[in-house]
Amino acid sequence: MTRLARAVAARQAGRAAQGFARGKLGADPVLPALLALPPLGAVLDLGCGRGLLAMALLLAGRADTVTGFDLAAGKIARAAAAAAGLPARFAVADLATAPIPPCDAVLVIDVLSQMPHATQRDLLGRILAARSA
C-alpha cells in the first residue's frame with residue numbers, strides 16, 4: 001500500500017499536501033479494508049475531503065468511477081485538481097440535503113459523528129432509499 005499512497009500523493013499540489021496524503025493513507029485502517037473487498041464499481045464518497053480515498057480506490061482498480069461530495073469548497077477544488085484525468089467528479093454539497101446519485105457503493109467515512117442524530121438518520125435513510133430504487 002505504500003506504493004499506492006505515494007501514487008496518490010504524487011497527484012497532490014505541493015509538498016505539504018503530498019506529505020499529508022502519504023501520512024493519511026499510510027495510517028488509515030479504512031483503505032486496506034476497502035482494498036480487501038471485491039471491486040466496488042461506481043463509488044459515492046460522502047464527506048470525501050481532498051478525495052484521497054477515492055483516488056486510491058481508482059488507482060488501485062477497486063472503483064470504476066467516483067463521485068465525491070464535501071461541504072468544504074477548498075477541499076473539493078484540491079480533489080478535482082488532483083484527480084484530473086481520472087473517472088472522478090467532486091462537488092460541493094451539504095450532506096444534510098444533497099440528493100444521493102445512483103452508485104454501487106457508498107462511503108461515509110468520518111462523517112456521521114459530525115452530524116446531529118436526526119441528520120444522520122435522514123442521510124442514512126436517503127442512502128438506503130437510493131440504493132433500493
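Over the ring of which residue does the charged end of Arg50 sit? In this predicted model, the ring belongs to Phe20, and the charged end of Arg50 lies 4.2 Å from its centre. Pairs between aromatic rings, in contrast, number 0 in the structure.

The open space in the model comes next. Rolling a probe the size of a water molecule over the atoms shows where empty space is left. The largest pocket found here has a volume of about 590 Å³. Its lining is made up of 25 residues, and those closest to the pocket centre are Gly47, Cys48, Gly49, Asp70 and Ile109. Three elements each supply at least two residues of this lining: helix H2 (15-27), helix H4 (52-59) and strand E2 (65-70). Of these, H2 gives the largest share, with 3 residues.

The buried positions in H4 are Leu52, Leu53, Ala54, Met55, Ala56, Leu57 and Leu58. For Leu58, the relative accessible area is 10%, so this residue counts as buried, the cut-off being under 20%. Leu58 can also be placed relative to Ala42: the two are 16 residues apart in sequence, and their C-alpha atoms are 10.0 Å apart in space. After H4 comes Gly61, which has a positive phi, near 75°.

A positive phi is also found at Asp110, at about 55°, although this residue is not a glycine. Asp110 is located in the loop between strand E4 (105-108) and H6. With a relative accessibility of 61%, Asp110 counts as exposed, because the cut-off for that class is over 50%.

Charged side chains form another part of the picture. Side chains of opposite charge can pair when their charged atoms come close. The model contains 2 salt bridges. In one of them, the side chains of Lys24 and Asp28 meet, with an N to O distance of 3.7 Å. How accessible are these two partners, buried or partly exposed? Asp28 is buried, at a relative accessible area of 14%, whereas Lys24 is partly exposed, at 35%.

The other salt bridge links Arg126 with Asp122, whose closest N and O atoms are 3.0 Å apart. Both residues belong to helix H6 (residues 117-132), and because they are 4 residues apart there, about one helical turn separates them. Asp122 is partly exposed, with a relative accessible area of 36%.

Finally, strand E3 (residues 88-92) includes Ala88. With 26% relative accessibility, Ala88 is classed as partly exposed. Ala88 and Ala36 are 52 residues apart along the chain, and a distance of 21 Å separates their C-alpha atoms.

Note on methods: Residues are numbered from 1 along each chain as its sequence is written. This is a predicted model: local features need pLDDT of at least 70, side-chain atom pairs count only at pLDDT 80 or more; totals for chains, interfaces and linings use all residues. Side-chain values use heavy atoms; hydrogens and water are left out. Rings of Phe, Tyr and Trp (its six-membered ring) pair if their centres lie within 6.5 Å; planes under 30 degrees apart count as stacked, over 60 as edge-to-face and the rest as tilted. A charge sits over a ring if NZ of Lys or CZ of Arg is within 6 Å of the ring centre and within 35 degrees of the ring normal. On a 1 Å grid over the protein atoms alone, a cavity is a set of points where a 1.4 Å probe fits but cannot get out, and a pocket is an open set with protein on both sides within 12 Å along at least five of seven lines; lining residues have an atom within 4 Å of a point. Grid points are joined across faces, edges and corners, and a volume is the space filled by probe spheres set on the points. A salt bridge is a side-chain nitrogen of Lys or Arg within 4 Å of a carboxyl oxygen of Asp or Glu. Buried means under 20% relative accessible area, exposed over 50%, partly exposed in between (1.4 Å probe, protein chains only).
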